[in-house]
Amino acid sequence: MAIKTVALAGATGALGAPMLQTLLKAGFTVTALTRPTSMHEFPSNVQVRKVDYNDFISLKAALAGQEALVSTITTSAIDQQKLLIDAAIAANVQRIIPSEFGCDLENPKARELPVYADKVELEQYIQTQCRQQNEGKTTYTFVFNNAFLDWGLDFKFLLDAPGRKMEIYDGGNRSFTTTTLAQVAQGTVGVLRHLEQTANRSVRLHGMEMTQNRLLEIAKRVIGIEGWEITKSSCETIQKESYANLQREPANWLGWGIGFLKVAIYGEGFGGDLREKNDNALLGVVELDEKAVEELIKARA
């Protein structure tokens, strides 16, 4: 049965906003789940349901009649995520796409990194609940896309274009997948249009192949070759430092979490290159070219 109605949690966030626009453009009837304090104004063709993410009854009522749930809220809110999953299953939602976007958590090395502990816990919870509740009628899909390209440029994670700064790991020639927010949203639409082929499994989106040196080369071509501050390190060093920071100050997520994310994206054997194993063709995701990367960098320089 084709999906027509979609509930979207986190519709105003970095991924949620383009997700909303892509779902609407694809013809879905979208209901945005928002917190009671939210003052955000949505387009007139978006239904809005204010919910308490800590209240099962509130969530179940908001999800009544919805055929799919897409969540883009932070995975660190693990208890709220679990309650949202429980409510979706109780409301007979057909497909759940949780906030598992990012690195490939089926890769054993990536899966062991502490930064993904909440995501792994949520993944296991969803698998168990979908199998045991509602006679298995509610299914799930996990969407992996490795590094977010535009988000990574916005937050100077991949490259600091305005400051002309970049940190290169392991020589900078290792290929990794980078994907835009719009491509992730398009892949999500693809999942909702191919329910049978994507039920109870992970899908992988490959935005384009990139290396750090290639990204730096493109940036220099766009904004100039002068004044760059390049530092070099290794993923092994970053990983050791991140574990040390975690042990010393576990509450300081930025002190250790960012390092683990970099290791998962750039490190050898962490599954960051999705060229050979992706679902682009099935889900209708078209790869980027260098011109698109140039435009993204130029807009942020």
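Me: Before I look at the chain in parts, where do domain bounds come from?

Reply: Domain bounds come from an automatic or database domain assignment. In this predicted model, the protein chain is divided into domain 1, made of 5-145 and 179-204, and domain 2, made of 147-178, 207-273 and 284-299. The centres of domain 1 and domain 2, taken over C-alpha atoms, are separated by 26 Å.

Me: How many residues of domain 1 are in contact with domain 2, and what is the area buried between them?

Reply: The size of an interface is often given as the accessible area lost when the parts come together. Here the area buried between domain 1 and domain 2 is about 1800 Å², with carbon and sulfur atoms giving 66% of that area, and 21 residues of domain 1 are in contact with 28 residues of domain 2.

Me: How many salt bridges and how many residue pairs in polar contact are counted between domain 1 and domain 2?

Reply: Across the interface of domain 1 and domain 2 zero salt bridges are found, whereas nine residue pairs, both at pLDDT 80 or more, are in polar contact.

Me: Which residues line the largest cavity?

Reply: Rolling a probe the size of a water molecule over the atoms shows where empty space is left. The count is one cavity of 30 Å³ or more, and the largest cavity holds about 40 Å³ of space. Its lining consists of Y169, D170, G172, N173, R174, F176, Q212 and Y266, which divide into three nonpolar, three polar and two charged residues.

Me: What about the second largest pocket, and which residues are closest to its centre?

Reply: The second largest pocket holds about 180 Å³ of space. Of the 13 residues that line this pocket, G10, A11, T12, G13 and I73 are the closest to its centre, and the lining as a whole divides into five nonpolar, seven polar and one charged.

Key
Residues numbered from 1 in each chain as written. Predicted model: local features only at pLDDT ≥ 70, side-chain atom pairs only at ≥ 80, totals over all residues. Heavy atoms only, no water. 1 Å grid on protein atoms, 1.4 Å probe; cavity = no way out; pocket = protein on both sides within 12 Å on 5 of 7 lines; lining within 4 Å. Points joined across faces, edges and corners; volume = space filled by probe spheres on them. Nonpolar A, V, L, I, M, F, W, Y, C, P; charged D, E, K, R; others polar. Contact = heavy atoms within 4.5 Å. Buried area = accessible area lost by both parts, 1.4 Å probe. Salt bridge = Lys/Arg side-chain N within 4 Å of Asp/Glu carboxyl O. Polar contact = N/O pair within 3.5 Å; in protein donor to acceptor, adjacent residues only side chain to side chain.
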